[in-house]
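Good morning, and thank you for making time for this presentation. Please look at the sequence and the structure as they come up.

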Amino acid sequence: MPEPIIQTQGLDFYFKDFKALDQVSLNVPRGSIYGFLGPNGAGKTTTIRVLLDLFHPKRGQVSIFGKELLDHREEILGKVGALIENPSIYKHLSGRQNLEVVRKMVGGKKERVDEVLKIVRLVDNADKKAKNYSLGMCQRLGLAAALLTDPELLILDEPTNGLDPSGIIEMRELILRLNKDHGKTIFLSSHILSEIEKLATDVAIIDQGKILYEGKLEGLKNGGDNLQLSIELDHVDTATHVLEKQGFVILEAYHNGLLLAIKSKQEIAEINQLLVASGVQVYQLSSSQENLEAVFLNLTKKLDQ
Ligand code: ATP
């Protein structure tokens, strides 16, 4: 396997006594769109801040482009473009003027402003004041600013947050284009599974500061023996109690049955026995491959038990 473009090992980060990152180890393949997925408060922004050297972990290491971040800060961050939360934009200036301001700070040729405006498809609105931009246009302007130095790696924190459906589609299309046509590796955080599913080649799932999965998107869906078991039965409350006591993960409870996440077919027989022994009437058991939503729920629910 080629050397990852970002590699972290055992990152621990605390806000006072609160452990926000717990042994976070990531391997982001060069050329990938790497989806960093987790519910609100999972630790995505904190991880990104560590990657950009804005937060310093208590333990662990970060290397980017094969070099230690601590020792090669300037060199590394010069080749990384980032968009964290809402980009800072001067509303009284036009899009083009905003980019000029950033270009003067980060350096680069004057023509690059036109190039990035073209990439993010803001040429027609470049001379409009930013106060008249939609949220989607502001996000694209923020991304244009991040592209001024032509970075090899882009780190985007929830880039579609708050956008309307057409803004989401435009941003998605832009991310795909930056990856395919411009060769950028893209590290992308999101709490929306369907977004990551549409874009990412590789994923990591984080919850409560811990990495629960890292690998190919397809591996998450098909690689494990992740199955769903649907059971039709009479006493839903008793069944829920009995199964949860044994550590099974219940995805849904209906008036006449349950939907469970299971790891193997052997568990079906075990569940059946448990229910029958508790006096629950089982009318039907059927298993199917889990969809990604269920895999995600299953992984994140386990932490709460
Ligand atoms: P979101 O999508 O909601 O931003 P996230 O996955 O990016 O979520 P983080 O912002 O990294 O999550 O937060 C991780 C945890 O750290 C959360 O429990 C959050 O409440 C806590 N946290 C974040 N910033 C601070 C801070 N400045 N002081 C104390 N706790 C914080």
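What volume does the largest cavity have? The volume of the largest cavity is about 50 Å³. Before I go further, please note that this is a predicted model, in which local features need pLDDT of at least 70, side-chain atom pairs count only at pLDDT 80 or more, and totals for chains, interfaces and linings use all residues. Residues are numbered from 1 along each chain as its sequence is written, and side-chain values use heavy atoms, with hydrogens and water left out.

By cavity I mean a set of points, on a 1 Å grid over the protein atoms alone, where a 1.4 Å probe fits but cannot get out; lining residues have an atom within 4 Å of a point. Grid points are joined across faces, edges and corners, and a volume is the space filled by probe spheres set on the points. Searching the whole structure gives one cavity of 30 Å³ or more.

Which residues line the largest cavity? They are Pro159, Thr160, Ile175, Leu188, Ser189, Ser190, Glu195, Ile196 and Leu199. Strand 8 (185-190) and helix 7 (193-199) each contribute at least two residues to this lining; helices (H or I, at least four residues) and strands (E, at least two) are DSSP runs, numbered from the N terminus.

I turn now to helix 4. Within helix 4, residues 111-119, the buried residues are Arg112, Val113, Val116, Leu117 and Ile119. Buried means under 20% relative accessible area, exposed over 50%, and partly exposed in between, with a 1.4 Å probe and protein chains only. Viewed down the axis of helix 4, these buried residues fall within an arc of 160°, so they line one face of the helix. The arc is that of the directions from the helix axis to the C-beta atoms. Helix 3 (95-106), helix 5 (135-147) and helix 6 (165-180) are among the elements that cover them. Just after helix 4, arginine 121 has a positive phi of about 55°.

Next, two loop residues. Serine 94 lies in the loop between strand 6 (80-83) and helix 3. Is serine 94 buried or exposed? Serine 94 is buried, because its relative accessible area is 4%. Beyond its neighbours within four places in sequence, serine 94 is in contact (heavy atoms within 4.5 Å) with Ala126, Asp127, Lys128, Lys129 and Ala130. Histidine 72, in the loop between strand 5 (67-68) and helix 2 (73-77), is partly exposed, with a relative accessible area of 29%.

Key:
On a 1 Å grid over the protein atoms alone, a cavity is a set of points where a 1.4 Å probe fits but cannot get out, and a pocket is an open set with protein on both sides within 12 Å along at least five of seven lines; lining residues have an atom within 4 Å of a point.
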